[in-house]
Structures are given as C-alpha cells and as structure tokens.
Amino acid sequence: MTEVHKLSCHCGDIELEVSYALGRLLECNCSSCARSGFLHWKVPVEAVRLLTQKRRLSVYLWRDVDGGHHFCPTCGTAVFRTGYRDRISVNARCLVGVDVFTLDVERWDGRSEMPPGPTM
Ligand SMILES: [Zn+2]
C-alpha cells in the first residue's frame, strides 16, 4: 500500500496529500530557496492531491511562466513548486506530524547550478 502523507501550511488554509514514499530531500541555496527555506521533496504530479480549492493558493513566478512558487496568501508558507515537468516539488517542512530534524537532508548547490533568472 502506498504511503499517504498530509501537508499543510501554517494557518491550515492550504492542505494537500501526497501518495508516495518519503524519499530524497534536498535543501537548495539558490536565490529563492535560500530565502524561503524550501525543503524539496520531488514527487510525481499524479501523487499530489490538493485538498483545498486551487484559488486559495497564490503563486510567485520569476523564471518561467509554467513554473512557480505556490504559497498560502494568509500565512505566507511556501507549500509547493511547479516547473519540473512530470514532478512537483512539495515542501517537506509542511509535512504534518513530522519533525524535520528527524529527516535526512542532502544539499544541492542551486546557486551554482542554475542561473538566477529574471525577477521582472
Ligand atoms: Zn496559511
């Protein structure tokens, strides 16, 4: 049976479920992740089920029109990112009932690997 993980933003307005085994987690030092503290857990698009109405989410686009940083407009928590083709990166810091200090986290040098991208 597939593991089902629940994630939420801080205020609880945004909730989602991920039906996928908890796996590789990446901390990134790119211009955006360094500021938001996003902890990447990339899962197949079909493994993610949004439990909240889509229009409750806000999105910040800075690199491509098809990829963005999706966050709760009420509490500001970064919930997931799109723009990885068949994957969505969900923020493992939003896992309900999981202490992030118990997770193994790898580092990814996004600062060197990716161009910063336009901010306008
Ligand atoms: Zn919120």
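Set aside its neighbours within four places in sequence, and Leu7 is in contact (heavy atoms within 4.5 Å) with Ile14, Glu15, Leu16, Val18, Val90, Asn91, Cys94, Leu95 and Val96. A quick note: this is a predicted model, where local features need pLDDT of at least 70, side-chain atom pairs count only at pLDDT 80 or more, and totals for chains, interfaces and linings use all residues. Residues are numbered from 1 along each chain as its sequence is written, and side-chain values use heavy atoms, with hydrogens and water left out.

Leu7 also turns up in the largest nonpolar core, which has 20 residues. A nonpolar core here is a set of buried Ala, Val, Leu, Ile, Met, Phe, Trp, Tyr and Cys residues joined through side-chain atoms within 4.5 Å. Leu7, Ile14, Leu16, Val18, Trp41, Phe80 and Val90 touch the most other members. β4 gives the most, with 3 residues. A second, separate core of 5 residues includes Cys28, Cys33, Phe38 and Ala78.

How buried are some of these side chains? Buried means under 20% relative accessible area, exposed over 50%, and partly exposed in between (1.4 Å probe, protein chains only).

| Residue | Relative accessibility | Class |
|---|---|---|
| Cys28 | 9% | buried |
| Cys72 | 0% | buried |
| Trp62 | 13% | buried |
| Tyr60 | 38% | partly exposed |

As for disulfides (cysteine sulfur atoms within 2.5 Å), the count is 0. Cys28 is in none, and the nearest cysteine sulfur, that of Cys30, is 3.9 Å away.

Technical notes
Helices (H or I, at least four residues) and strands (E, at least two) are DSSP runs, numbered from the N terminus.
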